[in-house]
Structure formats: C-alpha cells, structure tokens
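Q: I have a protein model to look at. How do I read its features, one by one?

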Amino acid sequence: MDPGDWPGNLGAGLLPAPDGTCQGVFLRYDLFGGRGPAMIIGNLPEGSAARDVPEGEVPFEVGQLLLALENDEEVTVVGTEDVPVMQGDNLLIVRRVKLSESRISCVQFDRSDNVLVTIAAWDRPITDDLYALLKPLPAELFQQG
C-alpha cells in the first residue's frame, strides 16, 4: 500500500508475541486530522492469538478502532454475511461483519497465504474498490529475523 494513495495520516503497528515473533500487522488510517482514525486494517497470520475471538465478540481491529476513538460503548457482533467480490481475475469471498454499533463497518477476507485481513471503518462504508488499494504485505514481516 502506498501511503500517497490516501489523504490524511497512515501509521502501522506490529503485534508481538512473547517469543518475539510477529502475530500481526495493523494499519491505522487517520482521516480526521488527529481526532481518531477512520479505519484500522489488520493482517493477522495463521496462529495469531488476535484471531481467536469468542463467538459474538468483535474482531481485534474493531476493538482497536473503539480504543482509538475513546469509545467505551459495548459493541457485539449481530451477524455475518459472505459476499463474493471480483478483484481483477480473482474471486474474493468477503465476510461482512454486522455489529451492534451501526457507525462501524467491518469486513474480513482470507488471503491465499492464510493471512486474515480485517478492515474496520468508523462512519464510512467499505466499498469494493477499497480492496484494489490493498496490496499484500510481504511474508518476511511475519518471520522472526
């Protein structure tokens, strides 16, 4: 992802495991000029503890978005829907996560390398053209070096 593709501020963070391995990478996109992010994009590899969310609990990225917005409201998952999306010549199955807080949009999809991508957006719909902007993060980011 080229930060120049996005207006506003784009930051990145790593989720370290106790053994020093990378449990995930997330991007924090702040469209609101320091008043909180509009979007959190998570990339969690297979085996990441952040992927293990109990039924009805929100994905890690939704929790991070709520923390960044200083919103301590209880938010739960109320349903999911799988939606097919064409990305170039590839079919992507996107899982739309419906939440009790209607101002949050959330989608998830699995990449071919078993990395779970989750996008959580505040007060902005997530449209199919967003997926074209997402470029895979290199596998080296998830390896201990």
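A: Start with a charged pair. R103 forms a salt bridge with E101, and their closest N and O atoms are 2.9 Å apart. A salt bridge is a side-chain nitrogen of Lys or Arg within 4 Å of a carboxyl oxygen of Asp or Glu. This is a predicted model: local features need pLDDT of at least 70, side-chain atom pairs count only at pLDDT 80 or more, and totals for chains, interfaces and linings use all residues. Residues are numbered from 1 along each chain as its sequence is written, and side-chain values use heavy atoms, leaving out hydrogens and water.

Q: What is pLDDT, and what is its mean for the protein?

A: pLDDT is the predictor's confidence in each residue, from 0 to 100. Where pLDDT is low, the predicted coordinates should not be read in detail. Here the mean is 80, and 78% of residues reach 70 or more. Helices (H or I, at least four residues) and strands (E, at least two) are DSSP runs, numbered from the N terminus.

Q: Which other residue forms a salt bridge with R103?

A: Side chains of opposite charge can pair when their charged atoms come close. E73 forms a salt bridge with R103, with the closest N and O atoms 4.0 Å apart. E73 lies in the loop between helix 1 and strand 4 (77-87), and R103 in the loop between strand 5 and strand 6, so the pair ties together parts 30 residues apart in sequence.

Q: Is E101 buried or exposed?

A: Buried means under 20% relative accessible area, exposed over 50%, partly exposed in between (1.4 Å probe, protein chains only). E101 is buried, at 6%. R103 is partly exposed, at 38%. E73 is partly exposed too, at 41%.

Q: Where does L44 lie, and which residues does L44 touch?

A: L44 lies in strand 3 (residues 39-44). L44 is buried, with a relative accessible area of 2%. Contact means heavy atoms within 4.5 Å. Not counting residues up to four places away in sequence, L44 touches several residues, including L15, A50 and L116.

Q: Which residues touch the most other members of the largest nonpolar core?

A: A nonpolar core is a set of buried Ala, Val, Leu, Ile, Met, Phe, Trp, Tyr and Cys residues joined through side-chain atoms within 4.5 Å. The largest has 16 residues, and V62, L65, L99 and I104 touch the most other members. Helix 1 gives the most to this core, three residues.
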